[in-house]
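Thanks for coming. I will go through one structure today, starting with its spaces, then its sheet, then its charged contacts.

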Amino acid sequence: MSYQVLARKWRPRTFHELVGQAHVQRALVNALDQGRLHHAYLFTGTRGVGKTTLARILAKCLNCTANGRGEEGVTSTPCGQCASCQAIDEGRFVDLIEVDAASRTKVEDTRELLDNVQYAPTQGRYKVYLIDEVHMLSTSSFNALLKTLEEPPPHVKFLLATTDPQKLPPTVLSRCLQFTLKHMPPERVVEHLTYVLGEEGVAFDESALWLLGKAAEGSMRDAMSLTDQAIAFGQGSVRHADVASMLGTLDHRHILGLAEALADVDVQRLLAEVSQLAEQGPDFAAVLDELASMLHRLAVAQMVPDAVDNSHGDRDVILQLASRFTAEDIQLYYQIGIQGRGDMVHAPDLRSALEMTLLRMLAFRPQGVPKPPRTPLPLRSEPSGITAGDPNAAAQVASTSAALPAPSPPVEPSPSESHRESDQRGEVAPQTAFSAQPSQAESEGPVIQEEPPLQEPPPWSVDTEVTAPEPEPEPVSAPEPVAEREPEPASFPEPEPEPEPEPDIVMPSNAMAENGSDTLDNALWLQSFDSLGLGGLTRNLAGNCLVESDDGKLLTLRLDPSQAAMQAEVHQTRIERALGEQGKPRRVAFYVAELPSNVETPRKREERLNKERHAQAVDLLNHDPHVQKLQQAFGAKLIESSVKPAEQLR
């Protein structure tokens, strides 16, 4: 079976047989059924996607005589049996003039072609001019074509096809209906080849079809040609080894082996895979390119599993492999691979350059991140089926992938953090910093209990906006009450606060030590959260947790699924160290599940208290007589978003 026979047999005969071009099919079918015909159509797209085939089908629709020979005989479903349809299929229809613009670029050729436009069709209903690779025409040829293209006779239709529409003059583009045919993805190519080979009774390996679909690079015509070549090479069958040998491409299974060795941090296996590759005499630069491409797919699999490229037909394998890497490792390996690709020109030989790049990946692997996890990715799009849906998931928790943290609103620093070093290592500062936190007592009582009003109205600061011309800056920036209250924040560390808040300020710093119970519950977790002295990403992670269970040895924290990507062994270690310093030594494990809406996390509690303080500060300003005078005298306007309680400014 030759390629010509295979391609001709499976060439689309109607719009409904086109593969992967439903958007163009729908537009043309509707236009033909409604009689809304244009005089010029432009089909664009990469090679082998069906531009000229589509133009021939449209020519058959315009000239099919199954429904009569008048204008009402135009149809979107050509019969394929009438004289016109058969003549077009066989390439002998007089009124279908096909022109290869690549070989007829001169203006004389175009003028000769257009000399017969004025004459009526000889055999069909319309005279159709099909100009392939129309962008190859010269400027003079376009000028000669332009007038006819703008006002053609009613019996003439122009069908233009090109792979490079940017080279067409705007005057030509504006006179055509343009349809862009889609690039064929490997999935669609494999699907079509599976159908064709099944109908032909040819034995094949699915993995071999994925190699053909990748090699076709979006062209269905090239895919059919390569398939015919593979049938001949494999003596009537399409097998993976034969196709790989025929194409001379790198065996994708070796790249998977390299990635698995990197995931297991197995240097011996890594070098063994390179040794096996060397026996095939590959292009080692291409090996590094393929590995970098796979690392990119692994990074996408961790963040958005549904968006993984399936051009190799190994989507499930990529998703499983992605769960064995941390996000930091993938990003580092990718960067080292890209850098190593550029350094290959300076290496003594390409194999040593590849080996050094792979060894460099493992040598520079961060030591402060978790080991490769063995649990499913927390970033899958269906986390409820992995963790939240299992009632015993608390017993299965383990260190999972330390993926890049998802974007989240920044956490306002608490007053205690402003007097504490918050470096990357999570060191805990002295507990004296908590004396500047007068509102910690509000955390006592049930979680959902409404908080009492603040004992002492906090000082405030505000930006005001004066709308009147030439405002006076002095009364706006320094009203008298503010000047009198300004020294008050400095008095918090002194032994002069009112007697009511004093026990509340001391309580959070030793709440765990003074607790009579050996176990932690969520109320005590909220009450003593700030006394842990956590900072940075660790504080953000712990602030989105609730106490799931505590048996005196293992503290299980339920984590909001939106923060699951932040899990890392370094944060777990910091929380365990902070608990030990508070007299509650525990091992900490995370359990990813939806949080109940009626229970507060430390993060939600902090946001609620900030809103209450902000609302109280705004209310104080609105009732301040000096602010009211400014508003009346100058038309000043209070910008509520700029109001910040004094606790947030220190």
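Before I talk about which helix lines what, one term: a helix here is a DSSP run of at least four residues, and helices are numbered from the N terminus. Keep in mind throughout that this is a predicted model.

I will take the second largest cavity, which holds about 70 Å³ of space. Which residues line the second largest cavity? They are Val-99, Arg-104, Asp-109, Thr-110, Leu-113, Ile-131, Leu-137 and Leu-145. Helix H5, residues 107-114, supplies the largest share of that lining, with 3 residues. By class, the lining has 5 nonpolar residues, 1 polar and 2 charged.

Now the open spaces. The second largest pocket has a volume of about 620 Å³. Its lining is made of 27 residues, and those nearest its centre are Leu-211, Thr-249, Leu-250, His-252 and His-312. The elements that give two or more residues to this lining are helix H9 (206-216), helix H11 (240-247), helix H12 (252-263) and helix H14 (284-303). Which element gives the most to the lining of this pocket? That is H9, with 5 residues. Sorted by class, the lining of the second largest pocket has 10 nonpolar, 10 polar and 7 charged residues.

On to the sheet. There is an open sheet of 5 strands, in the order S2-S3-S4-S1-S5, and the pairing is parallel. Strand S2 (96-100) and strand S5 (177-180) are at the edges with a single partner strand each, so one side of each has no neighbour in the sheet. From one strand to the next, the twist averages 15°. As an example of a pair inside the sheet, take strand S3 (residues 127-132) and strand S4 (residues 156-162): they run parallel and are joined by 6 bridges. If you want a spot to look at on screen, find Tyr-129, which stands opposite Phe-158 in S4.

Last topic, salt bridges. How many salt bridges does the structure hold? The number is 24, and I will show a few.

One of them is between Asp-89 and Lys-60, with the closest N and O atoms 3.1 Å apart. Asp-89 lies in helix H4 (residues 83-90) and Lys-60 in helix H3 (residues 51-63), so this pair ties together parts that are 29 residues apart in sequence. Are the two partners buried or exposed? Buried means under 20% relative accessible area. Lys-60, at 3%, therefore counts as buried, whereas Asp-89, at 32%, is partly exposed.

Another salt bridge joins Asp-205 and Arg-239, with the closest N and O atoms 2.8 Å apart. This pair links distant parts of the chain, 34 residues apart: Asp-205 is in the loop between strand S6 (203-204) and H9, and Arg-239 is in the loop between strand S7 (237-238) and H11. Asp-205 is partly exposed at 25% relative accessibility, and Arg-239 is partly exposed at 32%.

Terms used. Residues numbered from 1 in each chain as written. Predicted model: local features only at pLDDT ≥ 70, side-chain atom pairs only at ≥ 80, totals over all residues. Heavy atoms only, no water. 1 Å grid on protein atoms, 1.4 Å probe; cavity = no way out; pocket = protein on both sides within 12 Å on 5 of 7 lines; lining within 4 Å. Points joined across faces, edges and corners; volume = space filled by probe spheres on them. Nonpolar A, V, L, I, M, F, W, Y, C, P; charged D, E, K, R; others polar. Salt bridge = Lys/Arg side-chain N within 4 Å of Asp/Glu carboxyl O. Buried < 20%, exposed > 50% of the residue type's maximum accessible area, 1.4 Å probe, protein only. Pairing = 2+ DSSP bridges. Axes fitted to C-alpha atoms, helices over the stretch in contact; angles between N-to-C directions.
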